[in-house]
Amino acid sequence: MVNKLVPAAAATLALFLTQALPAAACGGLIAPNGAIRLERATTLVAWHDGVERYLTSFSYNGSASSFGWIVPLPAVPEKVEEGGGWTLQRLFRETHPQPQIFDLAFAAQRASPTTAEVLQQVQVRALDITVLRGSGQSVLDWAAENGFAVDAETRAHVVHYAQGSPIFMAAKYNAGRAQQQRLLFGDGAPVLITLKIPHPWIPFEVLAAGAQVQADLYLLSDKPVNTSEWRALIGVSGVGTAVQGAEGFTLEFQEKMTDSLYRDLSTDKNMGWVRKDSWLSYLTLNAPDDKVTYDMSVTPMGIVKVAPFGTKPMAIVDGTPMRARALDAPTAPMGTAMTLLLLGVVVAAALWILKPREA
C-alpha cells in the first residue's frame, strides 16, 4: 500500500459555496516501484458560513492492486461520506461547452500526541478511510504500521504540513472490495468531507510530484471570484487572467448558476447543500512542478490567494507577522465597470448632440 501526499481536495476541483466569499488540488499517487500513477484528480470544495465541504475523486493507472494516499486537512471533519456520483462530470460539462451542431481554532494549540490518534474510520466504496490527529512523525509511524510505503518526499510533506495542522486523512484502496462491487480499476470513489474552518483552504504544493502539474479547480460562490482586488472593487471580470504568484494558474470560465446546473448538482447523492444563488468559476493549473510551491485560499472579497508552502492555512487570508492580512472591502457587481463606461459614452454622445451650434 502506498501513498503520496494528496490534498484534502485531492485534485482539481474546488467548489466554494456561498459566503461573501471558496481544495482542491491533487498530488502524485504511486505504488511500490511506481506501479500506480495518478491520471487526473477532481475535487469539489464548498465553503459557506464557516463550513467547508470537499468532494474529491481521482483516476489512476497501473498494475498494483493495493495502494493509498495521505491527505492534510485543516480541521477535524464533521463527517466523511460518499459524494455525488455525477457532480464532478456535470461541472466539467458546464465549463467545457460543446459547439452546437490556519492560526486554527480547531487545533487548540495543544501538544500533539506521540502516537497518532484515530478520530474517524469509514468505508467509501473501495476506499478504507481513516482520519488521524498527531505530529507528522506519529502519522508517519501509523502509516508504516498500516502498510503505507511512504517515500522520502512524502515524509517531508507530512512533517511540514503537521506544523500548521495536526489533522490528516489516510485512504487505502481495497482491491477485494472493489472486485465485489464490480468497480473498474482506475476509477476513483467520490469522497465528501465536511469540516468547519474560518476560511477555505486548498493545499496545492502537494501537486508537485511530477515534471508537470495539471489540475482543474471549480469554485461555486455567492459572488464571482477574481484574481485581483482592483478588478473585484470595480466589477471587472477576471476571466482570462492569471492568479498572482502562481505561474500557469488562470481563471478560464465564470457564470451565474443556471437552473439546469443547480438541478443536476443538488439532486446528486448527498449534494442537497448546493445553493441556487451561486456563481460557478473554473480555473486551470498547468505549470512545472518546481513552480507549484504554494497553497491556496480565497478571501472574503472572493480573491484567489496563494502563499508559500508551510504557511498556516488560515494565515493565507489572516496574515502573519511577515505578511499583511488580505484586503477585505465591498465589491461592485460584475459588469459595473462596463455599464459605467457605456453610460459615459451615451452621456458624452448626448451632450455632443445637444451642444448648441454656432449660426
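**Exercise 1. At what angle do helix α1 (residues 87-95) and helix α6 (residues 259-266) pack, and how far apart are their axes?**

Solution. Helices α1 and α6 pack at about 165°, and their axes are 9 Å apart. Axes here are lines fitted to C-alpha atoms, for helices over the stretch in contact, with angles from 0 to 180 degrees between N-to-C directions. The helices themselves are DSSP runs of H or I, at least four residues, while strands are runs of E, at least two, and both are numbered from the N terminus. Angles over 145 degrees count as roughly antiparallel, under 35 as roughly parallel, 65 to 115 as roughly perpendicular and the rest as oblique, so α1 is roughly antiparallel to α6.

Before going on, note that this is a predicted model: local features need pLDDT of at least 70, side-chain atom pairs count only at pLDDT 80 or more, and totals for chains, interfaces and linings use all residues. Residues are numbered from 1 along each chain as its sequence is written, and side-chain values use heavy atoms, with hydrogens and water left out.

**Exercise 2. Which buried residues does α1 have, and which residues are exposed on the other side?**

Solution. Start with the cut-offs: buried means under 20% relative accessible area, exposed over 50%, and partly exposed in between (1.4 Å probe, protein chains only). T87, L88, R90, L91, E94 and T95 are the buried residues of α1. They cover an arc of only 160° around the axis, which puts them on the same side of α1; the arc is that of the directions from the helix axis to the C-beta atoms.

**Exercise 3. How do helix α2 (residues 136-145) and helix α3 (residues 152-162) cross, and which residues make the contact?**

Solution. First the geometry: the axes of α2 and α3 come within 8 Å and cross at roughly 140°. That makes α2 oblique to α3. Next, the contact (heavy atoms within 4.5 Å) is made by G136, Q137, V139 and L140 of α2 and R155, V158, V159 and A162 of α3.

**Exercise 4. Against which elements do the buried residues of α2 pack?**

Solution. List the residues: G136, S138, V139, L140, W142 and A143 are the buried residues of α2. Their packing partners are β3 (68-73), β5, β6 (127-133), α3 and β7 (167-173). To finish, step past the helix: α2 is followed by G147, whose phi is positive, near 85°.
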